[in-house]
Amino acid sequence: MSEASWRIEPAVVDRLYRQARGDDWALSVASFAAALERSARRHFVDAAADAAAVERYLSSLHLSDLAIACACAEGSHRAWDHFVREFRPGLYRAAQAIDPSGGSRDLADSLYGELFGITTDGDTRRSQLDYYHGRSALATWLRAVLAQRYVDRVRSRRALEPLPDEDTPHAIAERAASPDPAWPRAVERLRVALKGAVAALAPRDRLRLACYHAQSMTLAQIGEMLHEHEGTVSRHLTRTRKALRTAVERDLRERERMSEAEIAECFALVTADPGALDVRDLVGRADAGKTAVLERSKD
Amino acid sequence: VNDRLDRERALERLLPDVLSEASGPGSGCVEAETLAAWSSGHLRASEAAAVEAHLSDCAHCQAVLGTFVRSAPPAPVEPVWSRWHLRWLVPLATAATALTVYLLVPGLDRRLAPEQTITQADPRRESPGVPAPDAGANRQPAGSTPAPTSPQADPVSRPAASPPPRAGRVEEPSQSRGAFEAGLRRGSPAEPPSVDKQAKTETPQSIRDSAAAPPRREVATSETARRDAPAVTAPPPPASPAAAEARSPAKSAPVAPRVAGETAATPERPADALLRLRRQANVTIDIPTPVRTHRFRIVDGQRVERTTTGGERWESVARPVAGAMTAGAAPAADICWIVGGLGAVWRTTDGQVLVRVPFPQTVDLVAVAADSATAAAVTAADGRTFRTSDGGQTWR
């Protein structure tokens, strides 16, 4: 890492330390200053920031949470008491919300252990809290870490699952009940056209679409995430779907040279039987109790 | 329409597959802290845009995002009554109920709290030779024609929220200390609180009304009194049905003089309305003099009294002709100028007898400021100001 052109003034550190109430956790000023510097170095990667910008950045941090995290990482009992009382219940609640069957409780326990610190080199204890730099609230950061670990575990488990046996009765029945032979080609045409149309969307439109159709988030959740009203999210989704349909129809007309009748038939085939292409069916993410997508969007 | 919807539904069934074809986890994936900061809006715009762009393409980060969102604690359910559009229901309903009760319940006396004392401008505060400006004159341009029946022009119907004028103030005896302190806050010379002991002791009703009187308001002289009079919305109950009937605006006919030929349908003139309201409210206009123990006062808009004992004893000041009196000013212990409706101007130079001073116009006069026995300035209801420097022989 190149040498930074800035340094944090001791007066600034003192002010931020007082603001963070580091005294409450018996946190040393030096440790807090080191945490501030780690955070700033991580943020100003170009090492060309001026001192004022650094001070503005540091002032915008969640300083009290950063002080608690530092104190916990240092092993302050008082800080850990506070953490156990204020943050650990939230961590377990998040785990329960992610997997109501309790499957992610062990993840939360594991994360809690790593927060306390793991021994790496001899006596060196490295806490996961060292990776917290105060840019978000500590509770929010804990939830994000837990979500990352949950997704990683799901993906790793899925990679180890055996592929379905093609000779099972279920697979044989599926093949016997295969639809119109024109169906795979129609689906493929639509899928290619749709992929191009999605790629042409603005990032936020694409993200909104992914949150709604791939992650099954509700309008309210998307709105909270994107800082939009859920009515606005709904309107944008409707507009995006319309734009997608128009783009797909145009693509089929111009690239595939399909007539209007062929386009209509193509859509009709997919509507009648989308087959196993719905990834929610494939990965078992389909939420049976959830409202249909189109019905959700009409809310 | 159905065709379009069917087609969009078909695309929606393909969308999850298409969207999941995005890239998997890579080196550019969003870190947990960045994701948390982005979700809570703590990133700069450029950083947030970069995060958004990555999230829109990366299926892994989308999955993390979806899980992260699901991990959020349930939002607290907002009680129905605390929704913003319902929060107003309680005060609105209360106000509507209070207004309905006030309007419908018979017997409520909608009048001013009695025994109000209107203190005229203190002559000791006025600089010599400069007549006290009147609030009405400041508000209305000179030469404009008054329209008494117009809500805008009629001072009776003016809202009570008008800016406070400078010439004087309305005091209630029980709260005169507040007025004194307010005067100190304004930086004006200390004026002892005017206590109308006689008014307070004459009627038990006045004591009760004083206790129930609204907070002291700083308002102007006569015109301000008119402005404030209808703004009182919580009148005290009458002492007796007879008193209520006698004080009821609907049943007590105005006593103010009327112009010859004026019919009952003629709109009430400002001075008449002012006089009527003052009589209904038992308003006493207090007129201080430079000598602390000497004061004049106008009682019920009809008679003038004078005290030389600091208010312990009041004596009537004789006057030859009856008429509505609206305001007064005393530049000396024995000198007092009084004005009233239809261009009535009186003056006493010995504190014993009021003498009518000729005035060229028959406009209602609502304020007066006097510098001496010969120099005075009167303000008409239409905002015009007339000055004399020769004891009323000539006005300009």
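The model is predicted.

**The interface**

About 5,500 Å² is buried between the two chains. Carbon and sulfur atoms give 63% of that area. Polar links are present too. There are 17 residue pairs in polar contact across the interface of chain B and chain A, counting pairs with both residues at pLDDT 80 or more.

**Salt bridges**

Over all chains, the count is 34 salt bridges. Eight salt bridges are counted between chain B and chain A. The table gives some examples from the model.

| Pair | N to O distance |
|---|---|
| R7(B) and E249(A) | 2.6 Å |
| D17(B) and R191(A) | 3.9 Å |
| R255(A) and D251(A) | 2.8 Å |
| R85(A) and E86(A) | 3.9 Å |

Take D17(B) and R191(A), whose closest N and O atoms are 3.9 Å apart. D17(B) sits in helix α1 of chain B and R191(A) in helix α10 (residues 183–199) of chain A, so this pair joins two chains. Both residues are buried.

R85(A) and E86(A) also meet in a salt bridge. R85(A) has a relative accessible area of 53%, over the 50% cut-off, so it is exposed. E86(A), at 46%, counts as partly exposed. In the pair R255(A) and D251(A), R255(A) is partly exposed at 41% relative accessibility.

Some charged residues form a network. R204(A), D205(A), R208(A), E228(A), R239(A) and E52(B) are linked by salt bridges.

**Helix α4 of chain B**

Does the length of this helix agree or disagree with its residue count? Helix α4 of chain B covers residues 59–70, which is 12 residues. At 1.5 Å a residue, the helix should span 16 Å. Its end C-alpha atoms are 16 Å apart, so the two values agree.

How many of the residues of α4(B) are buried? The answer is 11 of 12, so the helix is mostly covered. The buried residues include H60(B), C61(B), Q62(B), L65(B) and F68(B).

How values were computed: Residues numbered from 1 in each chain as written. Chains lettered and ligands numbered in written order. Predicted model: local features only at pLDDT ≥ 70, side-chain atom pairs only at ≥ 80, totals over all residues. Heavy atoms only, no water. Helix = DSSP H or I, 4+ residues; strand = E, 2+ residues; numbered from the N terminus. Expected span 1.5 Å × (residues − 1). Buried < 20%, exposed > 50% of the residue type's maximum accessible area, 1.4 Å probe, protein only. Buried area = accessible area lost by both parts, 1.4 Å probe. Salt bridge = Lys/Arg side-chain N within 4 Å of Asp/Glu carboxyl O. Polar contact = N/O pair within 3.5 Å; in protein donor to acceptor, adjacent residues only side chain to side chain.
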